[in-house]
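This report describes a protein model for a reader who is new to structural analysis. Please keep the sequence and the model in view while reading.

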Amino acid sequence: MLGWDLPVGVLASDEAFVVRYEVAYAPVGGAESNRFTNSNTSTSLTLTDLSKGTTYEIAVYARNSGPYRSPPSNGITIVTETSLPSAPSNFAWKSDATSIALTWEAPLDAGGLPVLHYNVEYSAASDDVVSEKLPDSAELARTIDRLLPARDYVVRVRAVNRRGAGEWATRNAKTKASTKSVVLTPTNVLRNGETQIELRFAETLFDAYDVRYWRAGPRSSVDSEPAPDPSEWTTKTIPVEKGGIVRLENLVSASVYYVAVKPSRSGFGNYSEPLKTYTQYFLRVLELIAEPKSFKIGETVTLTCRTPEGDVPDRVTFYFDDKKLSSPQANASSNEWLIGTATERDDGTYRCEDGEGHEGTTTVQLAGKFESDKSSDAPIAGGITVAVIILICVLIALVWYCRSRSKKKHEDEEEGQPSTTPATATKKKESYADVTDAPPPKQRPPPPFELKPRSPPPYSSEPAPGAQTVSIITRNPGYGQVAPKRGSSRISESPSPPRREISPPRETAV
């Protein structure tokens with residue numbers, strides 16, 4: 001809102017002298033030229049077409065009825081206010097099965113400030129709140145990845161300036177149906193149980209899978225079985241557990257299966273290629289019993305396959321030295337095999353197997369005696385026990401011998417050296433004390449001549465003939481020797497008289 005006074009020298013009664021006023025304005029420093037707006041004779045005017053956050057210079061002119069226009073008024077400078085930006089324009093999208101690409105243009109009204117970046121958010125159409133947000137960016141295009149096929153989404157974008165975030169531009173988008181199949185590999189098999197198979201998928205984008213499977217047969221009889229016609233498959237919808245696990249249960253143990261999966265929702269692709277996998281053997285034991293247990297050549301022997309509880313397994317197959325025998329005999333039960341006339345050619349190992357892969361084994365020996373694997377191992381176990389006992393006895397004898405040798409060596413060493421036991425040391429100490437306390441022997445007075453020391457010959461430790469020597473006997477009580485009393489010395493002629501000593505004294509010639 002602009003306002004001004006009458007021109008100088010024009011009275012209020014002379015208002016008719018002024019026909020109209022013209023307002024000129026232009027951005028400061030901009031390339032735009034002045035724009036003029038007529039206000040008739042009113043002394044106020046509101047400018048409505050200004051840009052936000054822009055500095056303008058404004059001046060007013062007065063015109064009379066003639067062709068004259070007054071000089072401009074004093075110019076003023078104003079700054080328009082800023083605001084939040086409007087919604088981005090031309091917001092559009094396009095999609096494929098797992099992504100939606102978004103494009104837009106800058107808002108028509110940026111609020112008088114530059115746009116710093118854009119916010120992009122999206123969610124499933126069924127969700128009440130926004131579930132995902134993309135990192136902020138100043139780009140005018142973004143792509144949303146990792147979406148589900150054939151699903152409705154709500155996407156929106158808004159601009160942000162220094163004042164804050166503007167209005168949202170919102171669109172409803174939809175991903176296309178997928179024609180890509182789920183890839184099922186052996187790495188997807190988490191665990192093979194006895195009656196179940198666990199599959200795991202790294203990407204848990206789906207809530208459930210349609211799983212179809214077909215049992216090809218027992219593991220022992222199926223090597224390379226082609227996948228059957230789709231009409232022979234069993235189909236189940238299995239929910240995805242925590243960690244992306246799909247659990248296929250109630251299967252037959254020790255069997256080969258072909259498994260294929262696809263997301264349970266329509267439009268999410270086709271079934272994967274069938275994966276061949278298996279279930280584990282059930283922990284059940286079969287017994288193969290021979291009657292009679294010992295036979296003679298030409299006798300009839302009956303092999304019976306059963307459980308330890310006496311149950312008859314289904315679909316029993318007999319093997320001789322790992323070679324499958326012919327179809328069941330007419331005169332035998334389904335779990336029996338008859339050896340009509342036993343010969344040496346019947347020597348070997350027999351095995352029975354039921355339809356779930358459980359086995360039982362027995363052996364026919366040349367001596368004509370049937371023994372189970374357990375009884376045949378008894379002599380080996382007995383021999384191992386005897387060997388262990390013998391080894392222990394040898395080790396004990398060796399230890400005793402080494403200790404005897406060590407003891408003998410120790411005794412020999414003690415016999416060859418003086419005893420250093422405490423009793424012996426005490427006895428020696430007492431003998432040293434006796435020698436020390438005994439009165440010294442009487443000695444003759446020295447002869448009446450002057451004692452003159454002579455130097456011994458070079459490199460000789462013996463005194464010269466006829467020379468007197470001074471023997472200083474030093475004994476260290478700590479080593480079993482007796483030291484003379486302080487201040488006493490013994491002077492004797494060479495050779496010295498014999499004395500009771502433990503070790504020879506040290507003599508020093510003077």
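## A loop residue and the overall fold

Asp311 is partly exposed, with a relative accessible area of 47%; the term covers values between buried, under 20%, and exposed, over 50%, using a 1.4 Å probe and protein chains only. Asp311 belongs to the loop between strand S23 (301–306) and strand S24 (317–320). Asp311 and Leu286 are 25 residues apart in sequence, and their C-alpha atoms are 9.4 Å apart in space.

The model is predicted: local features need pLDDT of at least 70 and side-chain atom pairs count only at pLDDT 80 or more, while totals for chains, interfaces and linings use all residues. Residues are numbered from 1 along each chain as its sequence is written, and side-chain values use heavy atoms, with hydrogens and water left out.

The protein chain has three helices and 31 strands. Helices (H or I, at least four residues) and strands (E, at least two) are DSSP runs, numbered from the N terminus. Of the 510 residues in the protein chain, 32% are buried. Among contacts between residues at least 6 apart in sequence, 61% join residues at least 24 apart; a contact means heavy atoms within 4.5 Å.

## Salt bridges

Side chains of opposite charge can pair when their charged atoms come close. A salt bridge is a side-chain nitrogen of Lys or Arg within 4 Å of a carboxyl oxygen of Asp or Glu. By this rule the count comes to 10 salt bridges, and the table shows some of them.

| Pair | N to O distance |
|---|---|
| Lys262 and Asp210 | 3.4 Å |
| Arg247 and Glu241 | 2.6 Å |
| Arg351 and Glu353 | 3.1 Å |

In contrast, Arg247 is partly exposed at 22% relative accessible area, and Glu241 is partly exposed at 33%. A network of salt bridges links Arg191, Glu198, Glu241 and Arg247.

Which residues does Gln196 touch, not counting those up to four places away in sequence? They are Arg191, Arg247, Leu248, Glu249, Leu251 and Thr279. Gln196 is found in the loop between strand S15 (189–192) and strand S16 (197–200), and at 16% relative accessibility it counts as buried.

## Aromatic rings

Rings of Phe, Tyr and Trp (its six-membered ring) pair if their centres lie within 6.5 Å; planes under 30 degrees apart count as stacked, over 60 as edge-to-face and the rest as tilted. A search of the whole structure finds eight aromatic pairs. One of them joins Tyr25 and Tyr56 edge-to-face, at 6.3 Å centre to centre with 65° between the planes. Tyr25 lies in strand S2 (residues 18–27) and Tyr56 in strand S5 (residues 55–64), so this pair ties together parts that are 31 residues apart in sequence. Tyr25 is buried at 3% relative accessible area, and Tyr56 is buried at 2%. Elsewhere, ring pairs link Phe91, Trp104 and Tyr118 into a cluster.
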